[in-house]
Amino acid sequence: MALGERLKESRVNKGYSQGNVADHLNISRQSISKWENGNSYPDLDNLVKLSTYYEVSIDELLKENQELKKKIEQNEVKIEENVQKLNFIRGTSEKDEGLILLVLSFLGFLITPLGLITSPILIVRNKKTNTLYKFIYIACICCIAYNLFIGYGILSDIFGWGTTTVEYLG
């Protein structure tokens, strides 16, 4: 923040008009306006009178706002942290296993007992950083359901579950 902006802010905070300040310093209102717009600067005597009138130190008028600088630095650190988190969530890391996991989950459909073994492993291995992570979950759950259904069908054929034996007398 420039000196003119700090002068105006201090004047407004005290509720003074440019005319009030000009009357107190015995100068024209246009001089106050020029100082606040940054077109000219007050001399040392007027600067001391302004600091007394505004009840702020000369350091506060001349130096940049350190508290504002600290807040800006803290915000920049937070922004950088959030950008890193966002990049992690978007999956911009080097490892993206999404396509590989999806292919493996579809292979589980082809070989019935294999799907029951690999699908839970794929679910555990799947992470949010993978591009297709939601689709992988759905594919693995469908693979488990399909394998259970087919497995039951095979076992029912082997053991004769659900069939009736009819004897013909004759």
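Predicted model: local features only at pLDDT ≥ 70, side-chain atom pairs only at ≥ 80, totals over all residues.
Q: Which residue just after H9 takes a positive phi?
A: Gly160 does, with a phi of about 70°.

Q: Which residues of H9 are buried?
A: Ile136, Ala139, Cys140, Cys143, Asn147, Gly151 and Ser156. Buried means under 20% relative accessible area, exposed means over 50%, and partly exposed is in between (1.4 Å probe, protein chains only).

Q: And what do they pack against?
A: The buried residues of H9 pack against helix H7 (98-110) and helix H8 (112-125). Contact here means heavy atoms within 4.5 Å.

Q: How do H7 and H8 pack, at what angle?
A: At about 160°, with their axes 7 Å apart. That makes H7 roughly antiparallel to H8. Axes are lines fitted to C-alpha atoms, for helices over the stretch in contact, and angles run from 0 to 180 degrees between N-to-C directions. Angles under 35 degrees count as roughly parallel, over 145 as roughly antiparallel, 65 to 115 as roughly perpendicular and the rest as oblique.

Q: Is that crossing left-handed or right-handed?
A: H7 passes H8 in a left-handed crossing. A crossing is left-handed if the near helix is turned anticlockwise from the far one by less than a right angle, and right-handed if clockwise. Residues making the H7-H8 contact include Leu101, Leu104 and Leu107 of H7 and Leu114, Thr118 and Leu122 of H8.

Q: Switching to the core. How many residues in the largest nonpolar one?
A: The largest nonpolar core has 13 residues, and those with the most contacts inside it are Leu7, Val21, Leu50 and Tyr54. Such a core is a set of buried Ala, Val, Leu, Ile, Met, Phe, Trp, Tyr and Cys residues joined through side-chain atoms within 4.5 Å.

Q: Which elements give two or more residues to this core?
A: Helix H1 (3-14), helix H2 (18-25), helix H3 (29-37) and helix H4 (44-54). H4 gives the most to this core, with four residues. Apart from it lies another core, of six residues, among them Leu101, Leu122, Ile136 and Ala139.

Q: What does Val21 touch?
A: Not counting residues up to four places away in sequence, Val21 touches Arg11, Tyr16, Ile32, Leu50, Tyr53 and Tyr54.

Q: How do the axes of H2 and H3 cross?
A: They come within 8 Å and cross at roughly 115°. That makes H2 roughly perpendicular to H3. H2 passes H3 in a right-handed crossing. In the contact, Gln18, Gly19, Val21, Ala22 and Leu25 of H2 meet Arg29, Ile32, Ser33, Trp35 and Glu36 of H3.

Q: And the axes of H1 and H4?
A: Those axes come within 10 Å and cross at roughly 35°. H1 passes H4 in a left-handed crossing. Leu7, Ser10, Arg11 and Lys14 in H1 meet Leu50, Tyr53 and Tyr54 in H4.

Q: What about Gly19, how far in space from Ser33?
A: Gly19 and Ser33 are 9.7 Å apart, C-alpha to C-alpha, and 14 residues apart in sequence. Gly19 is partly exposed, with a relative accessible area of 24%.

Q: Loops next. What is the phi of Asn26?
A: Positive, about 60°, although Asn26 is not a glycine. Most residues other than glycine have a negative phi. Asn26 is found in the loop between H2 and H3, and is exposed with a relative accessible area of 69%.

Q: Where is Glu55, and is it buried or exposed?
A: Glu55 is in the loop between H4 and helix H5 (58-62). At 62% relative accessibility, Glu55 counts as exposed. Glu55 also has a positive phi of about 60° although it is not a glycine.

Terms used: Residues numbered from 1 in each chain as written. Heavy atoms only, no water.
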